[in-house]
Amino acid sequence: MTRVHELAEFVHESRYDQLSGAAAEQLRIRVLDTIGVAIAAQAAAPMSAIRSLLADLGGREDATFIGGGRGPIDRVAFYNGALSRYLDFMDSYLAAGETNHPSDNLGAVLAAAESVDASGADFLVALAVCYQVQTRLSDVAPVRARGFDHTVQGAYAAAAGVSRALGLDVEQTQNAISISGTANNALRVTRTGDLSHWKGLAYPNTAKEATFAALLAQRGLTGPAEVFEGNKGLQETITGPFEIDWSRENLEKVRETIVKKHNSEIHSQTALDAALEVRLQDGFLARAIDRVDLRTFDVAHSIIGGGEEGDKLSIRTKEEADHSLPWLIAVALLDGQVEPEQYHHERIIADDVQDLMRRVHITPDAGFSARFPREMVADLTVTLADGTVLTAFETAYEGFHTDPLDWDGALRKYRRLALPVVGPEVTEEIAGIVHELERHPVRHLTDALSRAGSTHGEEPS
């Protein structure tokens, strides 16, 4: 039996009653969090451009766009996935050599589930499959250091989840996963150097292609049976050897994923908590800051701190700002928050934040690096012009896997994002459906999302 066949059997046999109560609750929290982030992103110029393109392209009306309208499920997967990714406010999973965002799969799985009038329980199971496949592959087969993007593992996860949502059989699921995995191996340059819109669109594109692969497999199209272990397959070409016994896997990995507290790249979360803690200390005065020093773990330094993946002091766009630790610390110290409003263009290029970020100095600490990903250590020192020294030290935050977000905490973030855009009635209707999603057909959720249009939102960048 091939590796992808073993994975397809795991996907096909997954059931809602395999989820523990804690895992089911964390899945509902991820759904609510992802929808809130998506609703808040609708007014962004890139999202409007995508929606306009998809309207021009037309096609079958099998699934619902968030905010209204219907389209083919692969294009709905792309747009709804892009909405949930654009703000960079989604969930994350930290493996030793890879960071990914399993909520990126929600748009594709939801579109597929709606197209077959699936139950909310089946939608949650399909989403749980995505979380399990993506996180486990990231554990044993990281690709970042080899120059590939985390969407590589996502090509398998999204195809698995969409296949489960569509109700494909084992053979069809195997072919969907192998087509998607063979065809979608993206480059890490997506997230290095000067960042572009593609930072937020790479995974939605992978999810779109994974959805199309599942539709091909549903019609009987086949893919390489040895996509993992075969001659010039994934292991030989990109990852090297790895083992996963899918017959021993469960659906619990969602409990190890984490939810962002601040609207910024995931590895910045504890540093921003530290900055906000310093801001509350006696004697703090933003205009008196002379110098900021951060010691942190090497992944944060490498990706967003000016290390191996490039300079982080040339900040002109939202994409560059939310992946620049110097800019993020500066705006947190100045504004007391990092929320979507910090990414208005005028705020990104304002003299005060541009000046202060150049006085933020970031160094990796080997001891802190050894504690990652169990902890995300941030040791912040702010020195004022009069010599006053203020410090804060953080290892985790509310939403980290050691301090998981509960439903009330998720509601607070969701309401903060959705309420200004869609008003109280739709905001609470969606939250109510998600809270008992396993008891609803998934069309109840997509119907509510069709009325979550951006009538009051503002352009976030």
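In these legends, two residues are in contact when they have heavy atoms within 4.5 Å of each other. Everything here comes from a predicted model, where local features need pLDDT of at least 70, side-chain atom pairs count only at pLDDT 80 or more, and totals for chains, interfaces and linings use all residues. Residues are numbered from 1 along each chain as its sequence is written, and side-chain values use heavy atoms, with hydrogens and water left out.

**View 1**
Start with T2, in the segment before α1 (3-13); helices (H or I, at least four residues) and strands (E, at least two) are DSSP runs, numbered from the N terminus. T2 has 17% relative accessibility, so it counts as buried (buried means under 20% relative accessible area, exposed over 50%, partly exposed in between, with a 1.4 Å probe and protein chains only). Setting aside neighbours within four places in sequence, T2 touches Q174, A225, E226 and E229. A polar atom of the T2 side chain sits 3.3 Å from the backbone oxygen of A225.

**View 1. Helices α7 and α8.**
Here α7 (residues 151-166) packs against α8 (residues 170-183) at about 150°, with the axes 8 Å apart. Axes are lines fitted to C-alpha atoms, for helices over the stretch in contact, and angles run from 0 to 180 degrees between N-to-C directions. That makes α7 and α8 roughly antiparallel, therefore (angles under 35 degrees count as roughly parallel, over 145 as roughly antiparallel, 65 to 115 as roughly perpendicular and the rest as oblique). Look for A155, Y156, A159, A160 and S163 of α7 meeting T173, A176, I177, S180 and G181 of α8. Sorted by class, this contact has six nonpolar, four polar and no charged residues (Ala, Val, Leu, Ile, Met, Phe, Trp, Tyr, Cys and Pro count as nonpolar, Asp, Glu, Lys and Arg as charged, and the others, Gly among them, as polar).

**View 2. Helices α8 and α9.**
Next, α8 meets α9 (residues 198-218): their axes come within 8 Å and cross at roughly 140°. The two helices are therefore oblique to each other. On the α8 side the contact uses Q172, N175, A176, I179 and S180, and on the α9 side A210, A213, A214, L216, A217 and Q218. Seven of these residues are nonpolar, four are polar and none is charged.

**View 3. Helices α11 and α14.**
Now for α11 (residues 269-279) and α14 (residues 325-335), packed at about 30° with axes 9 Å apart. The pair is therefore roughly parallel. A271, L272, A275, L276, V278 and R279 of α11 make the contact with L325, L328, I329, A332, L333, L334 and D335 of α14. By class, that's eleven nonpolar, no polar and two charged residues.

Most residues other than glycine have a negative phi, and most peptide bonds are trans. D88 isn't a glycine, yet it has a positive phi of about 60°. You'll find D88 in the loop between α4 (73-86) and β3 (91-94), buried with a relative accessible area of 1%. K232, also no glycine, has a positive phi of about 65°; it lies in the loop between α9 and α10 (234-239) and is exposed, at 64% relative accessible area. From F372 to P373 the peptide bond is cis, with omega near 10°, and P373 sits in the loop between α17 and β8 (378-384).

How values were computed
Polar contact = N/O pair within 3.5 Å; in protein donor to acceptor, adjacent residues only side chain to side chain.
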